Amino acid sequence: MTDVLTPLGERLKDPTLLKDGALIDGEWIRASAADGFPLYNPATGEVICYLPIMGTAETRDAIASSEAALRGWRATSAINRSNILRKWAELMRDSADDIASILTAEQGKPWDEARGEVIYAAGYFDWFAEEGRRVYGDVIPSNTEDARIIVLKQPVGVTAGITPWNLPAAMITRKVGPALAAGNTIVVKPAALTPLTATAIAELGLRAGLPRGVFNIVTTSKASEIGDEFTSNPVVRKLSFTGSTGVGRHLMRQAATNIQKVSMELGGNSPFIIFDDADIDQAVEGVVSAKFRNAGQICTAANRIFVQRGAHDRFAEALKIRAQNVNVGNGFGEGVEMGPLIDQKGFEKAEAHVQDMLDHGAILLAGGHAHELGRTFFEPTVITGLESDMLPWSDETFGPIASIAVFDDEDEVIAKANDTEYGLVAYLYTHDLGRTFRVSEALETGMVGVNTGRVSNQMAPFGGVKQSGLGREGSKYGIDDWLELKYINLAGLSR
Ligand code: ADP
């Protein structure tokens, strides 16, 4: 029997998946309580384990290991690389329950949602196992009779990834999958708040047959030291980062020193637009998915919900009732739909956004306070009367606060939706086809969800415009960010 307080180790069918260390050159490096950093369960505050605080020297070692592994890995046939990735995906699915338990323990999201993330994450290995087999080049007619132009796509080389804590499985596989399928090697720094999901996935990679050094993991509570080494070590030819716009900007500046390739998946401030003709029940479920899933801690979360005046009262009332019925609790609890916020900082931000809105005249419809479970649990919240002088208009809330603004017409809502430096995703609820196209095309975002609160999947190009990022992950386009073009001018062909 397990209950919500059962220690993580006792939950696992395969306890050897719990790897409380960094992985460098195929060796696990552990720490003690005296020299490591603690990892907490956000739902209970218990210390799960301690992990190594790595810095410049260890990052250099990891990069050197990935450099040593590069030659063999890029020479491995695409089909053999693909087979390893596919096997890895299978092992992840076989261990999905265990990885979900690890994920819930360190991140807090409900176990079912965590399991869903693990399956989704494994899908990136499947997808890129296929895409890696289709890295086609070109033969181009030349400017002279005796030559042909041949274009090859080659791996970039040694790469680095920095990932956030909100999707600790998927953000690893979405980078590591295409990186390795394309023949690169990679060193990843997972977020200090969620390293164990990454290390469990890495352990399965070794079991799937990854050669040592192809995928290294460095752990730390001193992120900037590792970021500095990733961006200053000339061996690292590409950095792929997912996290906040501020840190992304800082890393891009540093990456400029060596003209390092960068991919950036940064913050969002997503508009969620509901027109009068929308199906209100569908729109409510869309907001629940795009706002209360992961307690609002996703970069695609609906930050500003724009509702056309004629639908406002019906929508606000329905969302209020739905929010009051969201089952909040420890992610291991039965039927729990929403866990705690990741840490005190996240909790304070949620509180500050609510307070700022109320100070400026918004109206609280549901929640708005610390949840009775204490710690960093926050009530699912609905507030209406959002205006441009309130914090959620310009700042990503990253908490379970649904902030509603009213609008009257299409041009007005497009202007308001675009009134942000971010451009990740927008959501749109309407059944008017003309309007669907007009608004989708006018929105300054990399993605648009029409009559849905979800846009992420392996087949589609995920990414933002404006200050939400550079590059795309997933889809047939996603592997390009991990490849270089080389052109060979093959001359002397005439007799
Ligand atoms: P969040 O607010 O979601 O935690 P961050 O951008 O702070 O977003 O964190 C995303 C990732 O970036 C994490 O792995 C974090 O440790 C890392 N990070 C934060 N600051 C730096 C930095 N200066 N250099 C490198 N990585 C960093």
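1. Lining of the largest cavity. In this predicted model, the residues lining the largest cavity comprise five nonpolar, seven polar and one charged. The lining has 13 residues in total, and those nearest the centre of the cavity are N269, P271, Y422, G423 and T445. Strands β12 (270-274) and β17 (422-423) each contribute at least two residues to this lining. The volume of the largest cavity is about 40 Å³.

2. Searching the whole structure for cavities of 30 Å³ or more gives two.

3. Largest pocket. About 1,000 Å³ of space is found in the largest pocket. Its lining counts 40 residues, with W165, G243, S244, V247 and K345 nearest the centre. At least two lining residues come from each of α8 (223-232), β10 (236-242), α9 (245-255) and α12 (344-359). Of the elements, α9 has the largest share, at six residues. The lining of the largest pocket splits into 15 nonpolar, 17 polar and eight charged residues. Domain 1 (8-266 + 471-484) and domain 2 (270-458) each provide at least three residues of this lining.

4. Second largest pocket. The space in the second largest pocket is about 360 Å³. There are 21 lining residues, and Y120, L167, R293, R454 and S456 lie nearest the centre. Helices α5 (111-131) and α6 (170-181) each supply at least two of the lining residues; α5 gives the most, with four. The lining of the second largest pocket consists of nine nonpolar, six polar and six charged residues. Here too, at least three residues are drawn from each of domain 1 (8-266 + 471-484) and domain 2 (270-458).

5. Helix packing. Helix α4 (residues 96-107) packs with helix α7 (residues 195-208) at an angle of about 160°, and their axes are 8 Å apart. An angle over 145 degrees counts as roughly antiparallel, so α4 is roughly antiparallel to α7. The crossing of α4 past α7 is right-handed.

Methods: Residues numbered from 1 in each chain as written. Predicted model: local features only at pLDDT ≥ 70, side-chain atom pairs only at ≥ 80, totals over all residues. Heavy atoms only, no water. 1 Å grid on protein atoms, 1.4 Å probe; cavity = no way out; pocket = protein on both sides within 12 Å on 5 of 7 lines; lining within 4 Å. Points joined across faces, edges and corners; volume = space filled by probe spheres on them. Nonpolar A, V, L, I, M, F, W, Y, C, P; charged D, E, K, R; others polar. Axes fitted to C-alpha atoms, helices over the stretch in contact; angles between N-to-C directions. Parallel < 35°, antiparallel > 145°, perpendicular 65-115°, else oblique. Left-handed = near helix turned anticlockwise from the far one by under 90°. Domains from an automatic or database assignment.
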